[in-house]
Amino acid sequence: MVVKVYGPAYASPKRVIVCLIEKQIEFETAPVDLIKGEHRNPEYLKLQPFGALPVIQDGDFTLYESRAIIRYYAEKYRSQGTELLGKTTEERGLVEQWLEVEAHNYHPPIYEMTVQLLFASKLGLSVDEKLVKKSEEKLGKVLDVYEERLSKSKYLAGDFFSLADLSHLPFTQYLVGPMEKEYMIRDRKHVSAWWDDISNRPSWKKVLELY
Amino acid sequence: MVVKVYGPAYASPKRVILCLVEKEIEFETVPVDLIKGEQRSPEYLKLQPFGELPVIQDGDFILYAIMRYYAEKYRSQGTELLGKTIEERGLVEQWLEVEAHNYNPAIYELTIQLLFSSKFGRPVDEKLVKESDEKLGKTLDVYEERLSKSKYLAGDFFSLADLSHIPFTHYLVGPMGRQHMIRDRKHVSAWWDDISNRPSWKKVLELCKTPFG
C-alpha cells in the first residue's frame with residue numbers, strides 16, 4: 001500500500017509530491033476539483049476538516065498541512081534519498097527558520113496573487129487590482145531580504161538544498177509562468193541563480209511532467 | 001552563556017519562553033519596544049531581517065523559528081513536546097501548521113485591531129474585526145470537534161501544538177473580552193483550562209508582563 005496524495009493538480013500538494021520524489025518514496029494521487037468544490041464534500045472533510053489541500057493517507061495514518069507532511073516524510077525516511085533537513089540540529093534549526101519564513105512572509109502575498117490572477121475568473125469573481133498591487137509590493141520586499149541572504153549562502157538554510165528551498169517551488173512556478181511576473185525573480189541576481197538551480201532539479205521537472 | 005530571547009513583552013516571544021520553561025532551559029530576555037519601532041532599528045534588522053519578534057541568540061547561533069529547534073535539541077530533558085513516535089510528531093506538526101495558517105491569522109488581526117490600533121493612533125477597522133471573529137469561530141468549531149475525541153490537539157499528550165496557542169488566546173479571553181468564544185465550546189473550554197493552568201505558563205506571565213497588564 002503506497003502513500004495517497006490528494007489534489008495533485010494544485011500547488012500545495014505539489015510541495016508534498018516533489019518531497020516524496022526527492023526521498024524516493026512511492027506514491028499515488030487522487031484528484032480533487034476545487035472549481036467543482038469537491039474539497040467541501042463530506043467525504044473530503046472527514047479527511048481534512050478545514051477543506052484545504054493536500055491531505056495524505058498512508059495506511060491508517062492520515063496527515064494534512066503540506067509543510068507538516070514534508071517534515072514528517074523528511075524525518076521518517078531520513079536515511080534514503082536526498083537529505084532535506086540538514087546534517088546537524090543547528091542546520092535543521094535554520095531549515096525550520098526558512099520554512100517558517102516561507103509560510104509567514106512569502107506565502108501570504110504570493111497566495112493572494114494566485115487567487116486573484118489565476119483563480120478569480122474561474123470562480124466568476126472580478127480581480128481586485130488594489131490587492132494584487134499590495135501583494136506584489138509585499139512579495140518584493142520579502143524577495144529583497146532573500147536577495148541579501150542568497151548573496152551569502154547558496155541555499156536558504158546554508159550551502160545545502162533543503163525543505164526550505166523545496167517549499168518555494170510550486171507557487172514560484174506560478175509566479176514566473178502563468179502569472180507572468182518572472183521579472184520579480186530575474187531582477188534579483190542571487191534569487192535568479194537560486195531559482196534556476198532549484199527549479200531545474202530532476203524531481204521538480206518530474207512533477208511538472210506528471211501533473 | 002545563556003539563550004537570549006528578544007521581545008518578552010509580546011505574544012510570539014512568549015511561545016518561545018514557554019517552551020524554554022517546559023524544557024528547563026536557562027534564558028535571559030532583551031526588551032524590544034514595538035510602539036517605539038525598535039524592531040526596525042538597524043541593529044535589530046541585522047538579527048531578524050524581516051523586523052519581526054522574536055529572535056534568539058544562543059552563543060553564535062541566531063535563530064528566528066525557535067520552538068522546534070529547542071524541543072528537538074533538548075529532547076531528553078523537561079517535558080516531551082514532540083510526541084513519542086514519528087507519527088505522533090507528524091500530528092504535532094500538523095496542528096502546529098493549523099495554528100499557523102488557520103488560527104493565528106485571524107487572532108493576530110484581532111490583536112492588531114483591538115489592542116494595538118489605539119497605541120498607533122489608528123482607528124479600528126470594524127469590518128476586519130467582524131471577518132476575523134467569524135474566521136476564528138469557524139476554526140474553533142473544528143477544534144471543538146477534534147477535542148471531543150482527543151484530550152490535546154495532536155493526541156492524548158500535551159505538545160508544541162497546544163503550547164503555540166497559549167499567548168494569543170490569553171489576549172483573546174483577557175484584554176480582547178472574547179472569553180465566550182472559548183467558553184461556548186465545551187471541549188475547547190476544558191482544553192483551555194488545562195493548558196493555561198500549566199505551571200510553565202503561570203511562570204511566563206509572572207516573568208514577562210504583557211503591554212496590556
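**Notebook: chain B and its interface with chain A**

I began with the contacts of chain B (heavy atoms within 4.5 Å): among those with a separation of 6 or more, 64% join residues 24 or more positions apart. I note that this is a predicted model, in which local features need pLDDT of at least 70 and side-chain atom pairs count only at pLDDT 80 or more, while totals for chains, interfaces and linings use all residues. Residues are numbered from 1 along each chain as its sequence is written, chains are lettered from A in the order in which they are written, and side-chain values use heavy atoms, with hydrogens and water left out.

**Chain B overall**

I listed ten helices and four strands in chain B, taken as DSSP runs (H or I, at least four residues; E, at least two) numbered from the N terminus. Their order from the N terminus is β-α-β-α-β-β-α-α-α-α-α-α-α-α. I then looked up the radius of gyration, taken over C-alpha atoms: at 17 Å it is close to the 17 Å that the globule rule gives for 213 residues, so chain B is as compact as a globular protein of that length. The globule rule is 2.2 Å times the number of residues to the power 0.38. Along the principal axes, the C-alpha atoms fill a box of roughly 50 × 45 × 25 Å. Of the 213 residues, 54% count as buried (under 20% relative accessible area, 1.4 Å probe, protein chains only).

**Ser196(B)**

I located Ser196(B) in helix H9 of chain B, residues 186–196. Ser196(B) is buried, with a relative accessible area of 13%. A polar atom of its side chain lies 2.5 Å from the backbone oxygen of Trp192(B). Beyond neighbours within four places in sequence, I found Ser196(B) in contact with Trp201(B) and Lys202(B).

**Interface of chains A and B**

The contact takes 29 residues from chain A and 28 residues from chain B. The two chains bury about 2,600 Å² between them, 66% of it on carbon and sulfur atoms; this is the accessible area (1.4 Å probe) lost on being put together, summed over both parts. Phe50(A), Glu90(A) and Gln97(A) supply 22% of the area that chain A buries against chain B, more than any other three residues.

I counted eight salt bridges between the chains (a side-chain nitrogen of Lys or Arg within 4 Å of a carboxyl oxygen of Asp or Glu). One of them joins Lys73(B) and Glu90(A), whose closest N and O atoms are 2.7 Å apart. On the side of chain A that touches chain B, H4(A) gives the largest share, 13 residues.

Key. Buried < 20%, exposed > 50% of the residue type's maximum accessible area, 1.4 Å probe, protein only. Polar contact = N/O pair within 3.5 Å; in protein donor to acceptor, adjacent residues only side chain to side chain.
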